[in-house]
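Open your viewer and get the selection tool ready. We will take a short walk, one stop at a time.

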Amino acid sequence: MIMTPTAGVHNRKEEVEQHMNGNGAIVGSRDSSMAPSGAGSDAGSDGSEPSSQNSNPLSGSSSHVDLNPPVVADPTANNGKGEVIVVKVGTSTIMRGEEEEGDIALSTLALLVDTLVALRKAGFHVVLVTSGAVGLGCKRLGLKKKPESLAGRQAMAAIGQSSLMRTYEELFGYANQHVAQQILLARGDVAKSHQYFNARNTLFELLRLGVIPIVNENDTIATEELRFGDNDRLSAMVAGLLDAKWLFLLTDVDQMYTADPRSDPSAAPIDVVEDIESLMVNTGGDGKGGTQWGTGGMGTKVTAARLATAAEVTVCIMNGAKPENILNFVLPHKGKAVGTVFLPQKKVIRGGRKRWIAHGLKPTGTIYVDSGAEKAILRKKSLFAAGIIRVEGEFDAEACVHVCNSSGEEIARGLVNYSHEEIEKVKGLHSDVLLEVLGYEGPEEIIHRHNLVDVPSGCND
């Protein structure tokens with residue numbers, strides 16, 4: 001993994017401490033000063049949801065019912081204050097290497113479980129996103145590597161899922177910690193807004209009850225078109241869905257470096273990234289982490305960090321063999337924190353509906369706009385037919401599409417009010433003539449501003 005640090009990337013541990021308050025939390029990640037310019041000038045122009053959808057049901061609730069109350073030595077030391085932490089553990093952490101024939105890394109999993117239980121006892125709400133089902137399925141059948149076909153990987157996931165969940169159930173059981181097993185998600189499961197918010201409500205209710213949800217992609221039935229692609233992306237979606245404070249991506253290296261430390265002795269660790277767009281990333285085969293059992297690498301983790309930080313989540317890439325290091329980041333005076341921290345982006349996606357558009361939907365077409373429409377979109381205005389110069393792809397009304405400028409650069413993503421055929425008929429025309437051209441009355445906007453996400457770097461592919 002080769003990274004070139006610029007002004008927004010630092011490799012001095014003091015930089016991390018400067019962004020932390022006394023509780024070990026990043027300062028400024030929820031600051032209103034990070035709102036996009038002009039976002040508050042037009043009521044609702046940030047796409048915020050009604051309070052029933054956009055508010056965090058875990059904050060300030062007086063009706064909290066905890067079926068699994070945390071045992072804290074000092075009852076006043078509730079450091080977490082109900083904040084949500086999402087931890088994603090990869091196959092490279094769960095499974096041992098090829099030389100050990102893919103045995104499960106039981107001691108590492110025990111340390112992970114112990115850490116998550118400690119977070120619960122400190123007052124945090126915890127979600128675990130786990131990989132490993134395919135690898136364990138291969139182990140059960142004596143395979144030396146993953147099947148290449150989708151059907152083969154799905155079969156291995158079906159076989160390994162029960163073994164993986166049984167292991168977690170036993171380990172958490174020793175600590176008397178309730179878990180919700182096998183919350184299986186695929187991209188198709190959140191393609192509709194009501195599905196997205198139902199998943200959000202279910203996860204929040206589990207957290208309110210003191211349960212640790214265990215989430216995995218539904219590899220057994222998800223097709224390539226309806227998959228997140230890897231659990232790194234899935235964990236970023238879950239973190240944004242739950243307004244998480246932290247997302248920890250556990251991998252097989254301590255942190256990111258300015259060059260590959262295995263081949264370049266001058267490689268320096270990167271401790272904090274303020275501007276993720278400043279990273280120059282080489283994710284070639286030699287720089288890719290993981291094992292023969294996994295699907296992700298450092299490149300997918302950088303992508304996940306980009307998605308999550310656009311949703312105001314602080315992200316940390318760290319070594320999964322030392323999961324107790326998570327406590328050093330979130331609890332005061334625990335010890336030295338080793339990992340690469342990505343601070344939330346200055347321009348973030350606010351509102352549950354816009355995060356659903358950004359993370360849950362797969363674009364099916366592209367609309368190209370002129371410079372006037374581009375400027376209007378960047379000022380958080382709606383897209384009208386007059387600013388459209390070209391349409392690509394076939395899509396129906398209410399589909400998600402890319403919005404690109406005349407140079408082909410994506411500037412936004414949104415839900416259209418009309419199909420590609422209808423937009424072809426009215427592109428370049430004033431909204432006053434839509435009724436005459438189409439023969440029926442409809443919305444004057446092609447994409448309403450509430451359905452436009454103007455942070456394309458924070459959108460899932």
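Start by selecting strand 3 (residues 84-89) together with strand 4: the two run parallel and are joined by 6 bridges. Strands pair here if DSSP finds at least two bridges between them. Strands (E, at least two residues) and helices (H or I, at least four) are DSSP runs, numbered from the N terminus.

A word on the source: this is a predicted model, where local features need pLDDT of at least 70, side-chain atom pairs count only at pLDDT 80 or more, and totals for chains, interfaces and linings use all residues. Residues are numbered from 1 along each chain as its sequence is written, and side-chain values use heavy atoms, with hydrogens and water left out.

Next, click Val 87, whose bridge partner in strand 4 is Leu 128.

Then move to helix 9 (residues 298-309), with 12 residues. Because 10 of those 12 residues are buried, helix 9 is largely enclosed by the rest of the structure; Met 298, Lys 301 and Leu 307 are among the buried ones.

Finally, zoom out: the protein has 14 helices and 20 strands, and buried residues make up 54% of its 461 residues.

Note on methods:
Expected span 1.5 Å × (residues − 1). Buried < 20%, exposed > 50% of the residue type's maximum accessible area, 1.4 Å probe, protein only.
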